[in-house]
Amino acid sequence: MEVEDHYAMLLGINSPWEISRVDLKLNQKQVDVDIEYTAGEGPCPECGSICPKHDDRKMRTWRHLDTMQFTTQLHCQLPRVRCDKHGVKTVEVPWAGKNSRFTLMFEGFAIRVLIAARSIEEARKLLGLNWHQVEAIKKRAVERGLQRRDENEIPYIGIDEKQFRSGHRYISSLVDLQGGRVLDVVEDRTEEACKSLISKALTARQQERVTAVALDMWKAYANAVNDKLPQADIVHDRFHISQHLNEAVDKVRRKENKALVEQGDGRLKGTKFQWLRNAENLPERFTESFVALRDSDLKVARAWAIKESFRYFWDYSYAGCANRYFDSWYNWAIRSRLDSIKEKARMIKSHLPNILTYFKHGISNATAEGLNSKIQTVKSNARGYRSFEGFRNSILFYCGGLEMAP
């Protein structure tokens with residue numbers, strides 16, 4: 001078998017495309033494969049009609065998978081055809097996508113390497129690509145994946161925020177809670193940004209079938225959901241509520257610690273994370289000292305007890321029972337004489353109807369928080385992103401659950 005026929009079989013190239021020459025350059029560790037178009041006519045890329053050939057474009061080059069240890073490149077002057085309807089158009093090649101300088105096989109391999117690698121930088125070096133080439137491959141992969149998404153019903157979604165850059169710059173993400181995937185992200189966390197996110201991530205049919213949305217108590221998100229998904233229940237996320245109560249406890253601790261230090265009492269020094277952990281998650285080495293603090297008459301001990309007791313709220317099976325428990329808990333919190341606790345208790349009460357929906361749907365943003373951790377890893381591995389679009393492509397590439405192979 002001639003070497004040209006051998007490469008034609010490996011590349012899956014058939015008439016009217018023919019390999020005219022295979023040049024092995026030992027010194028450069030490179031294989032150059034020249035391809036010619038031999039027909040006098042070809043299909044219009046817009047309508048598929050067979051049209052007469054017009055001319056050839058200048059030589060183009062595509063990177064292919066290596067032959068052994070040798071870099072392999074394909075070269076071809078692409079023909080242009082004259083279509084009566086669409087004018088002069090360039091014929092599409094069977095080995096690469098539009099506007100790509102990599103073959104489909106190479107892009108498929110690069111996608112697998114980028115997904116498997118712990119570091120984008122190491123994957124880039126292994127593939128012999130620069131950052132712009134990596135980003136271009138990821139962008140095309142995401143575009144393919146988004147085009148292939150089906151319109152299956154997504155009954156439960158979560159909307160969450162994540163800091164993009166310093167200076168209070170955020171992104172908003174929409175997550176399929178059951179599928180464990182990011183559906184899309186937009187820049188900012190305003191009401192308009194959230195509305196745009198819902199429109200981008202979900203088709204009109206999918207929007208109509210959303211049953212419930214998990215989100216924090218950020219008013220802009222709730223307003224957007226009420227406007228775009230009026231039939232869906234809002235479920236305020238239990239983990240964000242826990243964060244609010246932890247903030248209240250820490251505020252009490254900091255104020256009380258300052259007062260105690262002034263009196264020469266350092267009992268609360270270095271105890272911040274002991275008060276913020278759940279009791280069962282406290283490391284054993286802190287148990288004895290923390291029990292002594294917890295059972296003392298400190299204000300932070302009282303705040304911690306109120307915070308911990310709210311956890312029992314989530315153990316109920318029915319909203320009515322949970323509501324009665326909340327009334328008892330709220331009365332205790334309001335009588336605590338702890339301003340930060342009272343503030344959070346009032347905030348929770350004002351959102352109680354959309355907290356009690358948890359007992360109807362049982363959803364939270366735990367999936368979104370897990371994906372946020374993965375997004376942070378993506379961001380760290382890339383050492384940050386200059387543009388939001390690049391960040392979005394990376395999020396969907398690694399967290400979108402997309403079918404991206406060419």
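Helices, taken as DSSP runs of at least four residues, and strands, taken as runs of at least two, are numbered from the N terminus. On this basis, the protein chain of this predicted model contains 17 helices and 11 strands. The radius of gyration of the chain is 30 Å, whereas the globule rule gives 22 Å for 406 residues; the chain is therefore more spread out than a compact globule. Along the principal axes, the C-alpha atoms occupy a box of roughly 90 × 50 × 35 Å.

Burial and contacts were then considered for the chain as a whole. Buried residues make up 46% of the 406 residues. When contacts between residues at least 6 apart in sequence are examined, 58% of them are found to join residues at least 24 apart.

The cysteines were examined for disulfides, and the structure was found to hold 0. C47 takes part in no disulfide, and the nearest cysteine sulfur, that of C44, lies 3.8 Å away. A disulfide requires a pair of cysteine sulfur atoms within 2.5 Å. For C83, the closest cysteine sulfur is that of C47, at a distance of 3.8 Å, which is too far for a bond. The surroundings of C47 and C83 were described by relative accessibility. C47 counts as partly exposed because its relative accessibility is 37%, and the range for this class lies between 20% and 50%. C83, by contrast, has a relative accessibility of 6% and therefore counts as buried.

A further position examined was K138, which is placed in helix α4, a helix spanning residues 131–148. The relative accessibility of K138 is 0%, so this lysine counts as buried. Leaving aside residues up to four places away in sequence, K138 touches L114, I120, Y385, S394, F397 and Y398. The separation between K138 and G128 is 10 residues in sequence, and the distance between their C-alpha atoms is 15 Å.

In summary, the predicted model describes a chain of 17 helices and 11 strands that is more spread out than a compact globule. The structure holds 0 disulfides, and K138 in helix α4 counts as buried.

Conventions. Residues numbered from 1 in each chain as written. Predicted model: local features only at pLDDT ≥ 70, side-chain atom pairs only at ≥ 80, totals over all residues. Heavy atoms only, no water. Rg over C-alpha atoms; globule rule 2.2 N^0.38 Å. Buried < 20%, exposed > 50% of the residue type's maximum accessible area, 1.4 Å probe, protein only. Contact = heavy atoms within 4.5 Å.
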